[in-house]
Amino acid sequence: MVSEQDVSHIAELADIGIEAEDLARFTREFNAILDYFDILDQVKSGEPPAPDLVNILREDEPEPSLPLDEVLRNAGESEDGFIKAPKVMQ
Amino acid sequence: MSDGEVIVGLEVHCQLDTKSKLFCGCSTDYRSDGPNTHVCPICLGLPGTMPMVNKRAIEYALKVAKALNCTVREESEFSRKNYFYPDLNKAYQITQYDKPLAEWGKVLIEGDDGNEKEVRITRVHVEEDPGRLVHMGGVDRAKYSLVDYNRAGIPLIEIVTEPDMRSPKEARRFLNKLRATLEYLSVFDSEKEGSLRVDANISLRGSERVEVKNITSYKGVEKALTFEVTRQRNLLRRGLTVGRETRHFQEGRGVTTSSRSKEMENDYRYFPEPDLRPLRVRDWVAGIELPELPDARRERFMNEYGCSLNHARTLTGDLKLADFYEAVVAAKADPVLAATWVADTLLGELNYRDMGIGKLSVPYFAELVQLLKEDVITDKSGIEILRVMLDAVKENRPADSPKDLVEKLNLKKTGGSSFATEIADVIAANPRAIEDYRSGRKEALNFLVGQVMKKTRGRADPGELNRLMREALGEAPGK
Amino acid sequence: MSGAFPATVPEDRYNAFLMVSPDRSHGTGALAGIPVAVKDNISTKGIPTTAGSRILQGYVPPYDAHVVELLRTEGAVIFGKTNMDEFGMGTTTENSGYGPTLNPRDPSRVPGGSSGGSAAAVAAGIVPMALGSDTGGSIRCPSAFCGIVGLKPTYGRVSRYGLIAYSNSLEQIGPMAGNVSDVAKLFGVIAGHDRRDATSQDRPCKHTPDPEIKGLRIGVPKEYFGEGVDPKVADSVRNAIGNLEELGATTVECTIPSMQYALAAYYVTCTSEASSNLARFDGIRYGPAVGTKKSWHEAFQDIRKTGFGTEVRRRILLGTFALSSGYYGKYYAKAQVARGNVRSDFLRIFKDADVIAGPTMPTIAWKFGEKSDPLSMYLSDILTVPANLAGIPAISVPCGTVDRMPVGLQVMGRHFEDERVIDVAYAYERAAKGGSA
């Protein structure tokens, strides 16, 4: 069981917003799903299956990079080749 | 009680010197190019892209693990470390969490008590570097951040130590040893700006641990830790407690400041990177040939060249210096004298000028050492010649050979007799000093000799001059 | 189609397409001139790609997905990008940020999801073939609901490079078409190794479907015909299996005990991986610009509130929770063990059976708005997720109707025996066209 406060905290952890008016319904639905997940407790602890592939590596060969204008094309704002981002408040 | 034992552990991040990035083919040679010019859909984190591990990065990391005496895990894997920051364009860093490449090694350093001591290595793993934030006008004044993803995806090796160091100096020595080892392995270029970053954990025995982040220079580590020891001791002396926290090192001011970011509260939600497959590379280790490493080279310098322990330690502590020294010896310079002149004099001059050996000529240096060995010039003249040579290197112009410089600057050591004039002149010009000398003040002699040295531009041997001056002042010769 | 891109198709009454390419040029090859629709979570160079989400509105990839490169090499016409549940999260395409797609067989009903647009495009006859992606049934479900054929390949047989990730360890791009032969043809083009995808296997496909199934052993799991499955749907599928028996196959009853927690293992895995995959959408490098007036975290939270739909936010939160400190062992780690058990159950059955058959979906397509509770929506994936968890190939082929809506017969096979699964579907399709009950 998680509380509305827990859900708010998870939303902060995930940096995602939930409107206050949606919080109650969201929490209810959340709990219903988590209850369903509890069936996994029946699974005995163990090792997941061995990997199908290992040591998938590539040679250290340089390849062409994207031209700057293609890098910036989808960016919201740019300046002198840099991509602009809001400041992280310290 | 307020002087509790200092306990230091380090987390060192070094950029591996591969040609392409860890998970994509972008060239790693980005430092002289404009922002975002070494970026592709993969290291830009565009939706739909997938990482592909650089084999050489793993080979380099295994070399390091072997050199640090670590055990390579049978199976290691990559994990995602999830957090949000503008320089982290996938919002997760691909790193290694609970199954790192290698664990449980050790590095030997000179302890504060002069004896060799062991610093245990907890783990060695591989991860990608994030991008870089730039702030116009400084981080406090800028209204927004500018992001450059050239650095995103550069391969890093992270080396974590146990809290085995007991002083800032020991930490510094560990870092020097680590840096030298990585250079010897040819996996790391310490001259590349930002290629090494250190986070330090420090506590005084019995008190809480403080993490200091954002240290980007070797000197900075010692400064930061020294500051912390003082800060923490002061708190305890005032009857306060040391708070467990993360602090940032401000290189310019030489202080650590409390970090207001929420790093301590971060839940990174690690899970295995589902787009990559595990590594089973333990059996690659046997086939890895390590080059001669610093400790072995140090022993060899002492045995083969007759260097003192201190000189050998200094010389082998830096790959370029060690290579230079051996090349100079190979060019027929006297090994013991060369050791002094490289480890003490040359290194001192380089540090003072904040420059590396660069294009300093090996044959010329060897020639210089031989001129000194054959007593053609005085030590003082030797230093003068060295400075001229280093100026030429710094200004990137061709240098004269030491023999030519001896001629040009008239530095040839001459016998005492031709200084009679200068000695007479100095005596005549300094009656007060003569009086002081006669009344028993020995240092007046040094002053007078110094005056002659000035006049003769160091051509005379100080010992010789001393004798001549005393003769001139009326003492019996041969005293 | 609010917010969709220009150049819509007159016949697209079902909102199958988010974008139709004006460029009909093509080269030569196995698909020369054939128009293929591409699900909008598959990157197409120069063509807007949104994954059905507003948070990618305006994003134009500078690169093609591997499968798109292969389509172009074989001369296909990239007809357009199809509608989908946002980021693949959904069973009905109602979760698209650009409006739902309608089921061409009955526009008052859902087309299935998340590849609803691709299924509708084929079912409506706009294109003969389409690419979809299947994480927990997203190719097979809409194929069943719209009455077409859709294949989820063995995990690793088709490159995921360029597929906007939802759940990396579960999903595969796969072919959808009006008949098995076309599905096989398209599969032959896209299957094979890609050096950019570390999970990709070197298993190309060169196969013409073969209807000979004499001696084939078909496993019939009791869990696929139990409670929760509409009896009429179950009957329809049993009839289809009967047809296969008439062609010389035999059936063997079997059971998959791990089914009881398969759905939970699926949703824990996909939400966890999605919570990480979707964290990169911050409006800085692509998507609607956030500007620099607010602080980083504020801007980030805002764009994710407005750019992501409710279901996406719900799954991100579930995944964040499942991976969070203290819960990893209970959820994600356990789910991987559970997956191993599902895989073991299948491997055990495949000792005595060559393929497994059952319904694709527990019901026919429901009406819009009929299911709104998220958990009940999740439960409808129960028959499709096991194949994703185990990584085995699974195909859905139409087998009759119930209440005039198509029913899908699902055939699953051993790892890398996609060809056999295609053959069984082909055998059924031919027999069914031949008029046998």
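Predicted model: local features only at pLDDT ≥ 70, side-chain atom pairs only at ≥ 80, totals over all residues.
**Figure 1. Strands β1 and β10 of chain B pair in the antiparallel sense.** At Gln15(B), the bridge partner in β10(B) is Leu156(B). Helix α1 of chain B, residues 55-67, packs on the sheet and touches β3, β6, β7 and β10 of chain B. The direction of this helix makes about 20° with that of β10(B).

**Figure 2. Strand β10 of chain B is mostly covered.** How many residues of β10(B) are buried? The count is 7 of its 7 residues. Both faces of the strand are covered. One side carries Pro155(B), Ile157(B), Ile159(B) and Thr161(B), and the other carries Leu156(B), Glu158(B) and Val160(B). β10(B) also pairs with β7(B), in the antiparallel sense and over 7 bridges. In that pairing Glu128(B) has Pro155(B) of β10(B) as its bridge partner.

**Figure 3. The sheet of chain B is open and has 9 strands.** The strand order is β3-β6-β7-β10-β1-β11-β12-β13-β14, with mixed pairing. Which strands of chain B lie at the edges? They are β3 (71-72) and β14 (255-258), each of which pairs on one side only. Strands of a sheet pair through backbone hydrogen bonds, either parallel or antiparallel.

**Figure 4. Strand β6 of chain B pairs with β3(B) and with β7(B).** The pairing of β3(B) and β6(B) is antiparallel and has 2 bridges. Here Val72(B) stands opposite Ala102(B) of β6(B). β6(B) and β7(B) also run antiparallel, joined by 8 bridges. Glu103(B) has Arg123(B) in β7(B) as its bridge partner. The hairpin of β6(B) and β7(B) has 5 residues between the strands, and Gly114(B) in this hairpin takes a positive phi near 90°.

**Figure 5. Ser276 of chain C touches residues of chain B.** Ser276(C) belongs to helix α6 of chain C, which covers residues 259-277. Leaving out residues up to four places away in sequence, Ser276(C) touches Arg80(B), Asn82(B), Lys90(B), Tyr92(B) and Phe271(B). Is Ser276(C) buried or exposed? Ser276(C) counts as buried because its relative accessibility is 2%, where the cut-off for buried is under 20%.

**Figure 6. Ser376 of chain C sits in helix α10.** This helix of chain C covers residues 374-379. Ser376(C) has 25% relative accessibility and therefore counts as partly exposed. Gly136(C) is 240 residues apart from Ser376(C) in sequence, and the two C-alpha atoms are 15 Å apart in space.

**Figure 7. A cis peptide bond joins Gly113 and Ser114 of chain C.** Omega of this bond is about 5°. Ser114(C) is part of the loop between β3 (77-82) and α2 (116-123) of chain C. For comparison, most residues other than glycine have a negative phi, and most peptide bonds are trans.

**Figure 8. Asn55 of chain A and Phe416 of chain C have positive phi values.** For Asn55(A), which is not a glycine, phi is about 55°. Asn55(A) is in the loop between α2 (20-37) and β1 (57-58) of chain A. With a relative accessible area of 22%, Asn55(A) is partly exposed. For Phe416(C), also a residue other than glycine, phi is near 70°. Phe416(C) is in the loop between β11 (405-413) and α12 (418-433) of chain C.

**Figure 9. Chain B has 14 helices and 15 strands.** The C-alpha trace of chain B spans about 90 × 55 × 50 Å along its principal axes. Chain B has 479 residues, of which 54% count as buried. Among contacts in chain B with a separation of 6 or more, 70% come from residues 24 or more positions apart. The accessible surface of the chain comes to about 21200 Å², with 48% belonging to carbon and sulfur atoms. The side chains of chain B include 74 positive and 75 negative ones, and the centres of the two sets lie 3 Å apart.

Terms used. Residues numbered from 1 in each chain as written. Chains lettered and ligands numbered in written order. Heavy atoms only, no water. Pairing = 2+ DSSP bridges. Helix = DSSP H or I, 4+ residues; strand = E, 2+ residues; numbered from the N terminus. Contact = heavy atoms within 4.5 Å. Axes fitted to C-alpha atoms, helices over the stretch in contact; angles between N-to-C directions. Buried < 20%, exposed > 50% of the residue type's maximum accessible area, 1.4 Å probe, protein only. Areas by Shrake-Rupley, 256 points an atom, 1.4 Å probe, with all protein chains shown as cover. Lys, Arg positive; Asp, Glu negative; His and termini not counted. Charge placed at Lys NZ, Arg CZ, Asp CG, Glu CD.
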